[in-house]
Amino acid sequence: AVGLKAIRVNALRSALTMLGITIGVAAIIAMVAIGAGAEARLAQQIRSLGANLLVVISGALTQGGVRLAGARSPLTEDDAAAIMREVPTIQVAAPVVRGGVQVVFANSNWSTSLVGTTPDFLVAREWDVVAGRAFGPEEMRAAAKVALLGQTVAENLFGDADPIGLSVRVRNVPLEVIGVLDRKGQNTQGQDQDDTIMVPISTAKTRVLGYTAAAQRSVGAITVKVVDAARMDEAEEQMRATLRQRHNLQPGQDDDFRIRNLSEVMATQEASTRTLTLLLFAVASVSLAVGGIGIMNIMLVSVTERTREIGLRKAVGARRSDILRQFLVEAVALSLIGGLAGVVLGVGAAQAIAGLAGWPTLIRADAVLVAVLFSGAVGVFFGFYPARKAARLAPIEALRFE
(Lines give C-alpha, C1' and ligand atoms only; values in the text may rest on other atoms or scores of the structure.)
Protein backbone atom coordinates (compact mmCIF):
# COMPACT_ATOMS: atom_id res chain seq x y z
CA ALA A 1 0.00 0.00 0.00
CA VAL A 2 2.87 2.37 0.80
CA GLY A 3 4.51 1.66 -2.55
CA LEU A 4 1.28 2.29 -4.48
CA LYS A 5 0.72 5.49 -2.53
CA ALA A 6 4.18 6.68 -3.58
CA ILE A 7 3.19 6.14 -7.22
CA ARG A 8 0.05 8.25 -6.77
CA VAL A 9 1.92 11.05 -5.01
CA ASN A 10 4.38 11.36 -7.91
CA ALA A 11 1.83 10.73 -10.66
CA LEU A 12 3.57 12.66 -13.45
CA ARG A 13 6.98 11.14 -12.74
CA SER A 14 5.43 7.68 -12.51
CA ALA A 15 3.64 8.18 -15.85
CA LEU A 16 6.88 9.25 -17.55
CA THR A 17 8.68 6.28 -15.99
CA MET A 18 6.03 3.87 -17.27
CA LEU A 19 6.20 5.36 -20.78
CA GLY A 20 9.20 3.23 -21.76
CA ILE A 21 7.45 0.04 -20.67
CA THR A 22 4.24 1.12 -22.41
CA ILE A 23 6.02 1.76 -25.70
CA GLY A 24 7.96 -1.51 -25.40
CA VAL A 25 4.87 -3.65 -24.79
CA ALA A 26 2.95 -1.83 -27.54
CA ALA A 27 5.83 -2.40 -29.97
CA ILE A 28 6.00 -6.11 -29.15
CA ILE A 29 2.26 -6.63 -29.63
CA ALA A 30 2.16 -4.63 -32.87
CA MET A 31 5.26 -6.28 -34.35
CA VAL A 32 4.16 -9.80 -33.44
CA ALA A 33 0.69 -9.03 -34.85
CA ILE A 34 2.28 -8.02 -38.17
CA GLY A 35 4.44 -11.14 -38.23
CA ALA A 36 1.56 -13.44 -37.29
CA GLY A 37 -0.63 -11.82 -39.94
CA ALA A 38 2.04 -12.39 -42.57
CA GLU A 39 2.34 -16.05 -41.50
CA ALA A 40 -1.44 -16.48 -41.69
CA ARG A 41 -1.57 -14.95 -45.17
CA LEU A 42 1.32 -17.13 -46.34
CA ALA A 43 -0.42 -20.23 -44.96
CA GLN A 44 -3.57 -19.27 -46.85
CA GLN A 45 -1.56 -18.77 -50.05
CA ILE A 46 0.12 -22.15 -49.60
CA ARG A 47 -3.28 -23.83 -49.21
CA SER A 48 -4.54 -22.03 -52.32
CA LEU A 49 -1.75 -23.52 -54.44
CA GLY A 50 -2.78 -27.07 -53.60
CA ALA A 51 -0.96 -29.76 -51.67
CA ASN A 52 2.00 -31.92 -52.79
CA LEU A 53 2.72 -29.97 -55.98
CA LEU A 54 5.66 -30.36 -58.32
CA VAL A 55 5.97 -28.17 -61.40
CA VAL A 56 8.12 -29.18 -64.35
CA ILE A 57 9.31 -26.16 -66.35
CA SER A 58 11.13 -26.07 -69.66
CA GLY A 59 14.82 -25.30 -69.30
CA ALA A 60 17.22 -23.94 -71.89
CA LEU A 61 18.38 -26.53 -74.40
CA THR A 62 22.13 -27.20 -74.57
CA GLN A 63 24.15 -28.46 -77.50
CA GLY A 64 27.92 -28.89 -77.38
CA GLY A 65 28.02 -27.08 -74.04
CA VAL A 66 26.25 -24.04 -75.54
CA ARG A 67 22.84 -22.94 -74.30
CA LEU A 68 20.41 -22.38 -77.14
CA ALA A 69 18.27 -19.35 -76.37
CA GLY A 70 14.80 -19.28 -77.84
CA ALA A 71 14.79 -22.98 -78.69
CA ARG A 72 11.47 -24.81 -78.78
CA SER A 73 10.27 -26.14 -75.42
CA PRO A 74 11.51 -29.69 -74.81
CA LEU A 75 8.40 -30.53 -72.75
CA THR A 76 5.40 -32.06 -74.50
CA GLU A 77 1.95 -33.40 -73.72
CA ASP A 78 3.44 -36.85 -74.25
CA ASP A 79 5.86 -36.17 -71.38
CA ALA A 80 2.91 -35.46 -69.11
CA ALA A 81 1.25 -38.68 -70.22
CA ALA A 82 4.49 -40.62 -69.62
CA ILE A 83 4.87 -39.19 -66.11
CA MET A 84 1.31 -40.19 -65.33
CA ARG A 85 1.87 -43.67 -66.77
CA GLU A 86 5.36 -44.51 -65.49
CA VAL A 87 5.67 -42.73 -62.11
CA PRO A 88 3.62 -44.63 -59.51
CA THR A 89 3.85 -41.86 -56.88
CA ILE A 90 1.92 -39.40 -59.08
CA GLN A 91 -1.81 -38.75 -58.78
CA VAL A 92 -2.22 -36.46 -61.83
CA ALA A 93 0.04 -34.67 -64.32
CA ALA A 94 -1.47 -31.76 -66.26
CA PRO A 95 0.29 -30.09 -69.23
CA VAL A 96 -0.05 -26.29 -69.28
CA VAL A 97 0.38 -23.53 -71.87
CA ARG A 98 -0.07 -19.84 -71.06
CA GLY A 99 -0.46 -16.55 -72.86
CA GLY A 100 -1.56 -12.99 -72.23
CA VAL A 101 -4.91 -12.15 -73.85
CA GLN A 102 -7.62 -9.51 -73.99
CA VAL A 103 -11.08 -10.85 -73.11
CA VAL A 104 -14.06 -8.96 -74.54
CA PHE A 105 -17.74 -9.09 -73.63
CA ALA A 106 -20.12 -6.52 -75.12
CA ASN A 107 -18.58 -3.12 -74.29
CA SER A 108 -16.32 -4.50 -71.56
CA ASN A 109 -12.81 -5.88 -71.99
CA TRP A 110 -10.19 -7.17 -69.59
CA SER A 111 -6.51 -8.04 -69.97
CA THR A 112 -5.74 -11.36 -68.32
CA SER A 113 -3.77 -14.60 -68.52
CA LEU A 114 -5.09 -17.52 -70.57
CA VAL A 115 -4.30 -21.02 -69.32
CA GLY A 116 -4.65 -23.96 -71.67
CA THR A 117 -4.68 -27.25 -69.79
CA THR A 118 -6.60 -30.44 -69.00
CA PRO A 119 -9.21 -31.21 -66.30
CA ASP A 120 -6.38 -32.78 -64.26
CA PHE A 121 -5.05 -29.27 -63.61
CA LEU A 122 -8.08 -28.52 -61.42
CA VAL A 123 -7.43 -31.73 -59.50
CA ALA A 124 -3.76 -30.90 -58.99
CA ARG A 125 -4.49 -27.35 -57.83
CA GLU A 126 -7.54 -28.45 -55.79
CA TRP A 127 -9.52 -25.79 -57.66
CA ASP A 128 -13.30 -26.15 -57.60
CA VAL A 129 -15.83 -24.90 -60.15
CA VAL A 130 -18.44 -22.97 -58.13
CA ALA A 131 -20.81 -22.28 -61.01
CA GLY A 132 -21.44 -24.29 -64.17
CA ARG A 133 -19.09 -27.16 -64.95
CA ALA A 134 -15.54 -27.98 -66.06
CA PHE A 135 -14.67 -29.02 -69.60
CA GLY A 136 -14.44 -32.76 -70.29
CA PRO A 137 -12.55 -35.25 -72.51
CA GLU A 138 -14.85 -34.74 -75.50
CA GLU A 139 -14.26 -31.01 -75.49
CA MET A 140 -10.53 -31.63 -75.16
CA ARG A 141 -10.50 -33.84 -78.28
CA ALA A 142 -12.68 -31.46 -80.29
CA ALA A 143 -10.80 -28.30 -79.25
CA ALA A 144 -14.19 -26.92 -78.21
CA LYS A 145 -14.65 -23.18 -77.85
CA VAL A 146 -15.41 -23.25 -74.13
CA ALA A 147 -13.88 -21.45 -71.18
CA LEU A 148 -13.78 -21.26 -67.38
CA LEU A 149 -13.47 -17.82 -65.83
CA GLY A 150 -11.57 -16.84 -62.71
CA GLN A 151 -13.44 -14.72 -60.19
CA THR A 152 -11.59 -11.51 -61.10
CA VAL A 153 -12.32 -11.85 -64.81
CA ALA A 154 -15.97 -12.73 -64.17
CA GLU A 155 -16.46 -9.71 -61.89
CA ASN A 156 -14.82 -7.24 -64.26
CA LEU A 157 -16.68 -8.44 -67.35
CA PHE A 158 -20.08 -9.40 -65.93
CA GLY A 159 -20.34 -7.75 -62.50
CA ASP A 160 -23.05 -9.51 -60.54
CA ALA A 161 -24.64 -11.09 -63.64
CA ASP A 162 -24.48 -14.84 -64.27
CA PRO A 163 -21.95 -15.47 -67.11
CA ILE A 164 -22.82 -19.14 -67.65
CA GLY A 165 -23.92 -19.73 -71.26
CA LEU A 166 -22.74 -16.32 -72.48
CA SER A 167 -19.86 -15.87 -74.93
CA VAL A 168 -16.66 -13.87 -74.61
CA ARG A 169 -14.19 -13.10 -77.39
CA VAL A 170 -10.48 -13.83 -77.05
CA ARG A 171 -8.38 -12.77 -80.06
CA ASN A 172 -11.59 -12.71 -82.11
CA VAL A 173 -12.42 -16.28 -81.11
CA PRO A 174 -15.83 -16.67 -79.43
CA LEU A 175 -15.68 -18.84 -76.30
CA GLU A 176 -18.75 -20.02 -74.40
CA VAL A 177 -18.45 -19.59 -70.62
CA ILE A 178 -19.33 -22.97 -69.12
CA GLY A 179 -18.05 -22.42 -65.57
CA VAL A 180 -16.68 -20.03 -62.97
CA LEU A 181 -13.74 -21.06 -60.78
CA ASP A 182 -13.66 -20.77 -57.00
CA ARG A 183 -11.75 -17.85 -55.52
CA LYS A 184 -8.05 -18.54 -54.85
CA GLY A 185 -6.64 -15.13 -53.91
CA GLN A 186 -3.02 -14.04 -54.32
CA ASN A 187 -0.12 -16.42 -54.58
CA THR A 188 3.17 -15.99 -52.69
CA GLN A 189 4.49 -13.64 -55.41
CA GLY A 190 1.48 -11.35 -54.96
CA GLN A 191 -0.13 -12.35 -58.27
CA ASP A 192 -3.92 -12.62 -58.45
CA GLN A 193 -4.65 -16.28 -59.20
CA ASP A 194 -8.28 -15.44 -59.99
CA ASP A 195 -7.25 -13.18 -62.87
CA THR A 196 -7.33 -15.97 -65.44
CA ILE A 197 -9.39 -17.63 -68.14
CA MET A 198 -8.98 -21.39 -68.56
CA VAL A 199 -9.60 -23.33 -71.78
CA PRO A 200 -8.82 -26.86 -73.07
CA ILE A 201 -5.17 -27.10 -74.07
CA SER A 202 -6.15 -28.11 -77.61
CA THR A 203 -8.33 -24.99 -77.91
CA ALA A 204 -5.54 -22.75 -76.63
CA LYS A 205 -3.03 -24.12 -79.14
CA THR A 206 -5.10 -24.41 -82.30
CA ARG A 207 -7.65 -21.60 -81.94
CA VAL A 208 -6.30 -18.90 -79.58
CA LEU A 209 -2.52 -18.86 -79.18
CA GLY A 210 -1.76 -20.03 -82.71
CA TYR A 211 0.87 -22.72 -82.13
CA THR A 212 2.72 -23.79 -85.27
CA ALA A 213 2.51 -27.36 -86.53
CA ALA A 214 6.03 -28.06 -85.22
CA ALA A 215 5.07 -26.93 -81.71
CA GLN A 216 1.64 -28.56 -81.54
CA ARG A 217 2.69 -31.02 -78.82
CA SER A 218 4.90 -28.58 -76.88
CA VAL A 219 3.89 -27.23 -73.46
CA GLY A 220 5.39 -24.61 -71.18
CA ALA A 221 5.01 -26.57 -67.95
CA ILE A 222 3.57 -29.72 -66.39
CA THR A 223 1.77 -29.42 -63.05
CA VAL A 224 2.07 -32.62 -61.02
CA LYS A 225 0.28 -33.70 -57.85
CA VAL A 226 2.04 -36.32 -55.75
CA VAL A 227 -0.01 -38.92 -53.89
CA ASP A 228 1.77 -38.51 -50.54
CA ALA A 229 3.73 -35.53 -49.17
CA ALA A 230 6.30 -37.95 -47.69
CA ARG A 231 7.14 -39.20 -51.19
CA MET A 232 7.83 -35.83 -52.84
CA ASP A 233 11.58 -36.43 -53.19
CA GLU A 234 10.99 -39.94 -54.52
CA ALA A 235 8.49 -38.65 -57.07
CA GLU A 236 10.91 -35.91 -58.16
CA GLU A 237 13.71 -38.40 -58.80
CA GLN A 238 11.40 -40.78 -60.69
CA MET A 239 10.12 -37.91 -62.84
CA ARG A 240 13.66 -36.72 -63.56
CA ALA A 241 14.72 -40.22 -64.61
CA THR A 242 11.65 -40.61 -66.85
CA LEU A 243 12.12 -37.25 -68.58
CA ARG A 244 15.87 -37.72 -69.10
CA GLN A 245 15.21 -41.07 -70.73
CA ARG A 246 12.48 -39.63 -72.96
CA HIS A 247 14.67 -36.68 -73.97
CA ASN A 248 17.67 -38.93 -74.71
CA LEU A 249 19.94 -37.10 -72.27
CA GLN A 250 23.30 -38.78 -71.68
CA PRO A 251 24.93 -39.16 -68.21
CA GLY A 252 26.63 -35.90 -67.31
CA GLN A 253 24.47 -33.89 -69.70
CA ASP A 254 22.41 -31.08 -68.17
CA ASP A 255 18.65 -31.45 -67.80
CA ASP A 256 16.65 -29.55 -70.42
CA PHE A 257 13.92 -29.02 -67.81
CA ARG A 258 13.60 -27.90 -64.20
CA ILE A 259 11.49 -29.43 -61.43
CA ARG A 260 10.22 -27.02 -58.79
CA ASN A 261 9.07 -28.44 -55.48
CA LEU A 262 6.50 -25.88 -54.34
CA SER A 263 6.35 -27.43 -50.87
CA GLU A 264 10.04 -26.66 -50.32
CA VAL A 265 9.61 -23.13 -51.67
CA MET A 266 6.68 -22.53 -49.35
CA ALA A 267 8.51 -24.02 -46.37
CA THR A 268 11.47 -21.71 -47.00
CA GLN A 269 9.22 -18.66 -47.19
CA GLU A 270 7.38 -19.74 -44.07
CA ALA A 271 10.68 -20.12 -42.19
CA SER A 272 11.76 -16.68 -43.39
CA THR A 273 8.51 -15.18 -42.11
CA ARG A 274 8.97 -16.82 -38.71
CA THR A 275 12.53 -15.51 -38.54
CA LEU A 276 11.28 -12.01 -39.37
CA THR A 277 8.67 -12.27 -36.60
CA LEU A 278 11.33 -13.28 -34.06
CA LEU A 279 13.55 -10.42 -35.23
CA LEU A 280 10.73 -7.92 -34.81
CA PHE A 281 10.03 -9.36 -31.35
CA ALA A 282 13.69 -9.01 -30.38
CA VAL A 283 13.90 -5.42 -31.63
CA ALA A 284 10.72 -4.48 -29.77
CA SER A 285 12.06 -6.13 -26.61
CA VAL A 286 14.89 -3.62 -26.57
CA SER A 287 12.28 -0.96 -25.81
CA LEU A 288 11.28 -2.94 -22.73
CA ALA A 289 14.89 -3.11 -21.58
CA VAL A 290 15.21 0.66 -22.01
CA GLY A 291 11.99 1.11 -20.04
CA GLY A 292 13.39 -1.13 -17.29
CA ILE A 293 16.53 0.99 -17.05
CA GLY A 294 14.28 4.02 -16.67
CA ILE A 295 12.46 2.31 -13.79
CA MET A 296 15.78 1.48 -12.09
CA ASN A 297 16.90 5.08 -12.47
CA ILE A 298 13.72 6.51 -10.96
CA MET A 299 13.70 3.96 -8.15
CA LEU A 300 17.28 4.89 -7.21
CA VAL A 301 16.24 8.55 -7.15
CA SER A 302 13.24 7.58 -5.03
CA VAL A 303 15.45 5.71 -2.55
CA THR A 304 17.67 8.77 -2.20
CA GLU A 305 14.69 11.10 -1.74
CA ARG A 306 13.09 8.84 0.88
CA THR A 307 16.19 7.94 2.87
CA ARG A 308 14.91 9.63 6.06
CA GLU A 309 11.53 7.88 5.59
CA ILE A 310 13.31 4.54 5.36
CA GLY A 311 15.28 5.38 8.52
CA LEU A 312 12.09 6.23 10.42
CA ARG A 313 10.37 3.03 9.29
CA LYS A 314 13.33 0.95 10.41
CA ALA A 315 13.52 2.85 13.72
CA VAL A 316 9.93 1.89 14.55
CA GLY A 317 10.47 -1.79 13.76
CA ALA A 318 10.31 -2.28 9.97
CA ARG A 319 12.44 -5.20 8.82
CA ARG A 320 14.69 -5.36 5.78
CA SER A 321 12.15 -7.61 4.07
CA ASP A 322 9.41 -5.00 4.59
CA ILE A 323 11.50 -2.24 2.95
CA LEU A 324 12.54 -4.58 0.13
CA ARG A 325 8.94 -5.59 -0.49
CA GLN A 326 7.75 -1.95 -0.48
CA PHE A 327 10.14 -0.85 -3.22
CA LEU A 328 9.73 -4.05 -5.25
CA VAL A 329 5.95 -3.62 -5.22
CA GLU A 330 6.40 -0.06 -6.42
CA ALA A 331 8.70 -1.12 -9.29
CA VAL A 332 6.50 -4.05 -10.37
CA ALA A 333 3.36 -1.90 -10.18
CA LEU A 334 4.99 0.70 -12.45
CA SER A 335 5.91 -2.04 -14.93
CA LEU A 336 2.52 -3.79 -14.91
CA ILE A 337 0.49 -0.57 -15.23
CA GLY A 338 2.77 0.48 -18.08
CA GLY A 339 2.39 -3.00 -19.60
CA LEU A 340 -1.42 -2.87 -19.50
CA ALA A 341 -1.37 0.57 -21.09
CA GLY A 342 0.99 -0.87 -23.71
CA VAL A 343 -1.50 -3.67 -24.48
CA VAL A 344 -4.20 -1.13 -25.26
CA LEU A 345 -1.80 0.96 -27.35
CA GLY A 346 -0.37 -2.10 -29.14
CA VAL A 347 -3.78 -3.52 -30.08
CA GLY A 348 -4.85 -0.11 -31.35
CA ALA A 349 -1.63 0.29 -33.33
CA ALA A 350 -2.01 -3.16 -34.92
CA GLN A 351 -5.58 -2.39 -36.00
CA ALA A 352 -4.52 1.02 -37.32
CA ILE A 353 -1.71 -0.56 -39.36
CA ALA A 354 -4.14 -3.12 -40.78
CA GLY A 355 -6.67 -0.43 -41.71
CA LEU A 356 -4.38 2.33 -43.01
CA ALA A 357 -1.40 0.48 -44.49
CA GLY A 358 -3.29 -2.62 -45.62
CA TRP A 359 -0.77 -4.96 -43.97
CA PRO A 360 -2.14 -8.21 -42.58
CA THR A 361 -2.14 -8.30 -38.78
CA LEU A 362 -3.22 -10.99 -36.33
CA ILE A 363 -3.30 -10.18 -32.61
CA ARG A 364 -2.19 -13.25 -30.67
CA ALA A 365 -3.35 -13.76 -27.09
CA ASP A 366 -0.10 -15.51 -26.16
CA ALA A 367 1.93 -12.51 -27.37
CA VAL A 368 -0.20 -10.18 -25.23
CA LEU A 369 0.24 -12.42 -22.18
CA VAL A 370 3.99 -12.78 -22.70
CA ALA A 371 4.40 -9.02 -23.14
CA VAL A 372 2.54 -8.26 -19.88
CA LEU A 373 4.42 -10.96 -17.93
CA PHE A 374 7.68 -9.75 -19.43
CA SER A 375 6.91 -6.22 -18.29
CA GLY A 376 6.34 -7.53 -14.74
CA ALA A 377 9.63 -9.44 -14.90
CA VAL A 378 11.37 -6.25 -16.02
CA GLY A 379 9.99 -4.51 -12.92
CA VAL A 380 11.35 -7.24 -10.65
CA PHE A 381 14.73 -7.36 -12.39
CA PHE A 382 15.40 -3.63 -12.55
CA GLY A 383 13.64 -2.85 -9.29
CA PHE A 384 15.51 -5.37 -7.17
CA TYR A 385 18.78 -3.44 -6.88
CA PRO A 386 17.18 -0.14 -5.71
CA ALA A 387 14.93 -2.10 -3.33
CA ARG A 388 17.90 -4.02 -1.94
CA LYS A 389 19.85 -0.79 -1.54
CA ALA A 390 16.94 0.73 0.40
CA ALA A 391 16.56 -2.36 2.60
CA ARG A 392 20.27 -2.34 3.56
CA LEU A 393 20.37 1.28 4.73
CA ALA A 394 21.42 1.61 8.36
CA PRO A 395 18.67 3.35 10.41
CA ILE A 396 21.06 5.83 12.12
CA GLU A 397 22.74 6.89 8.87
CA ALA A 398 19.36 7.18 7.15
CA LEU A 399 18.00 9.47 9.88
CA ARG A 400 21.07 11.71 9.59
CA PHE A 401 20.63 12.04 5.80
CA GLU A 402 19.64 15.49 4.56
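Which elements are included in what covers the buried residues of α3? Before I answer, please keep in mind that this is a predicted model, in which local features need pLDDT of at least 70, side-chain atom pairs count only at pLDDT 80 or more, and totals for chains, interfaces and linings use all residues. Residues are numbered from 1 along each chain as its sequence is written, and side-chain values use heavy atoms, with hydrogens and water left out.

The cover of those buried residues includes β4 (90–105), α7, β11 (221–226) and α8 (232–246), where helices (H or I, at least four residues) and strands (E, at least two) are DSSP runs numbered from the N terminus. Helix α3 itself spans residues 77–86, and its buried residues are E77, D79, A80, A82 and I83; buried means under 20% relative accessible area, exposed over 50%, and partly exposed in between, with a 1.4 Å probe and protein chains only.

Let me turn to α7, residues 201–208, which holds T203. T203 counts as buried because its relative accessibility is 0%. Beyond four places in sequence, T203 touches A143, A144, K145, L175 and V208, contact meaning heavy atoms within 4.5 Å.

V130 has a relative accessible area of 48%, and so it is partly exposed. Leaving out neighbours within four places, V130 is in contact with Q151, V180, L181 and D182, and the C-alpha atoms of V130 and Q151, which are 21 residues apart along the chain, are separated by 9.9 Å.
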